[in-house]
Amino acid sequence: EETVGAETSLVTSALVAAQQEPSTATTLVAELGGPGAAELLRRPEVELTTVRVQSCLSCFELGIQVDIKELARCMPNAELSGRVSATIRRLQDPAWTAQVGARGDVRLYTSFSAERARRAGKQMARTVQRHYSASAGFKHWCVRNVCATARVPFTVDLEAGARLVERADDFRLRSFNRTSLSVEVKEQQTIVEIFPKGKLKVSKSTELEQAVAAMKLLLPLLRLCGTWW
């Protein structure tokens with residue numbers, strides 16, 4: 001119990017210091033002394049792996065009023081979605097799905113970062129120009145949400161992680177159960193889900209960089225509650 005208490009007392013300092021110099025977290029742990037510190041000291045520095053965009057929602061306007069039924073009839077791989085929108089899909093790479101409303105508003109779903117999503121949006125608008133109306137444009141594009149995932153190279157003790165989060169000033173515990181740990185990273189105003197097998201997931205952010213920054217801020221804490229062997 002003394003070792004666990006000593007470890008958690010270092011979390012806030014380690015989190016701050018590791019942003020400037022990753023080895024500082026190891027130095028702080030080493031100052032504890034005792035078998036607990038020796039075990040932590042043997043653990044390697046942590047980096048995120050397999051960072052990827054799981055989904056990206058962006059929006060833009062075609063700048064025209066749209067006859068939804070006619071659009072669904074003219075466009076390839078298109079169908080009506082109820083009475084208020086049409087869904088258009090591109091099946092080839094880069095694949096995307098677009099929902100178009102009667103006012104020309106478009107919600108574009110992709111699985112890549114913001115700049116590629118923007119190019120996909122322009123591609124979709126050009127397709128509408130060719131098949132439906134030459135007056136269609138590409139206006140007021142913005143990213144509404146990015147969902148990103150990454151991994152750490154070890155399994156995570158979620159119960160230990162929840163205890164550490166509760167004692168750290170930079171984080172807030174949102175929820176905890178056997179399958180996941182949900183943590184709010186206050187600096188980024190971003191929620192990160194942590195899973196036992198080392199997967200991290202940010203479901204709501206405005207850009208990939210924001211999501212990655214939030215996950216990186218958790219690395220020193222995850223290092224303390226990781227299962228390495």
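In this predicted model, strands E2 and E3 form a hairpin with three residues between them, and glycine 82 in the turn has a positive phi of about 70 degrees.

Strand E3 continues into another hairpin, which joins E3 to E4 through five residues. E3 and E4 pair in the antiparallel sense over six bridges, with valine 100 in E4 as the bridge partner of alanine 86. Strand E4, residues 96–101, is in turn joined by four bridges to strand E5, residues 105–110, again in the antiparallel sense, and here threonine 97 stands opposite tyrosine 109 in E5.

| Strand pair | Bridges | A facing pair of residues |
|---|---|---|
| E3 and E4 | six bridges | alanine 86 and valine 100 |
| E4 and E5 | four bridges | threonine 97 and tyrosine 109 |

These strands belong to an open sheet of ten strands, whose order is E2-E3-E4-E5-E1-E6-E11-E10-E9-E8 and whose pairing is antiparallel. Strand E2 (78–81) and strand E8 (171–176) stand at the edges with a single partner strand each, so one side of each is left without a neighbour in the sheet. Neighbouring strands of this sheet are turned by 20 degrees against each other on average, when direction is ignored.

**Helices on the sheet**

Helix H6, residues 114–131, lies across strand E1 (49–61), strand E3 (85–90), E4, E5 and strand E6 (139–151), and runs at about 130 degrees to E5. Helix H7, residues 158–167, also packs on the sheet, where it touches E8, strand E9 (181–185) and strand E10 (190–194), and its direction makes about 145 degrees with that of E8.

In strand E9 lies glutamate 184, which counts as buried because its relative accessibility, at 17%, falls under the 20% limit. Leaving aside neighbours within four places in sequence, glutamate 184 is in contact with Asp170, Phe171, Arg172, Arg174, Thr190 and Ile191.

Rolling a probe the size of a water molecule over the atoms shows where empty space is left. The second largest pocket has a volume of about 150 Å³ and is lined by 13 residues, of which Pro76, Arg89, Arg90, Trp96 and Thr127 lie nearest its centre. E3 and H6 each supply at least two residues of this lining, and H6 gives the most to it, with four residues.

**Backbone details in the loops**

Most residues other than glycine have a negative phi, and most peptide bonds are trans.

A cis peptide bond joins aspartate 93 and proline 94, with omega at about 0 degrees, and proline 94 has its place in the loop between E3 and E4. Asparagine 77, although not a glycine, has a positive phi of about 55 degrees, and its place is in the loop between helix H5 (68–74) and E2. With a relative accessible area of 45%, asparagine 77 is partly exposed, because this value lies between the limits of 20% and 50%. Glutamine 189, in the loop between E9 and E10, is another residue other than glycine with a positive phi, here near 50 degrees. The relative accessible area of glutamine 189 is 68%, so this residue counts as exposed, being over the 50% limit.

**The chain as a whole**

How many helices and strands does the secondary structure of the chain come to? There are nine helices and twelve strands. Of the 229 residues, 45% count as buried, and the chain exposes about 12,300 Å², of which carbon and sulfur atoms supply 47%. Among contacts between residues at least 6 apart in sequence, 60% join residues at least 24 apart.

Conventions
Residues numbered from 1 in each chain as written. Predicted model: local features only at pLDDT ≥ 70, side-chain atom pairs only at ≥ 80, totals over all residues. Heavy atoms only, no water. Buried < 20%, exposed > 50% of the residue type's maximum accessible area, 1.4 Å probe, protein only. Contact = heavy atoms within 4.5 Å. Areas by Shrake-Rupley, 256 points an atom, 1.4 Å probe, with all protein chains shown as cover. Pairing = 2+ DSSP bridges. Axes fitted to C-alpha atoms, helices over the stretch in contact; angles between N-to-C directions. 1 Å grid on protein atoms, 1.4 Å probe; cavity = no way out; pocket = protein on both sides within 12 Å on 5 of 7 lines; lining within 4 Å. Points joined across faces, edges and corners; volume = space filled by probe spheres on them.
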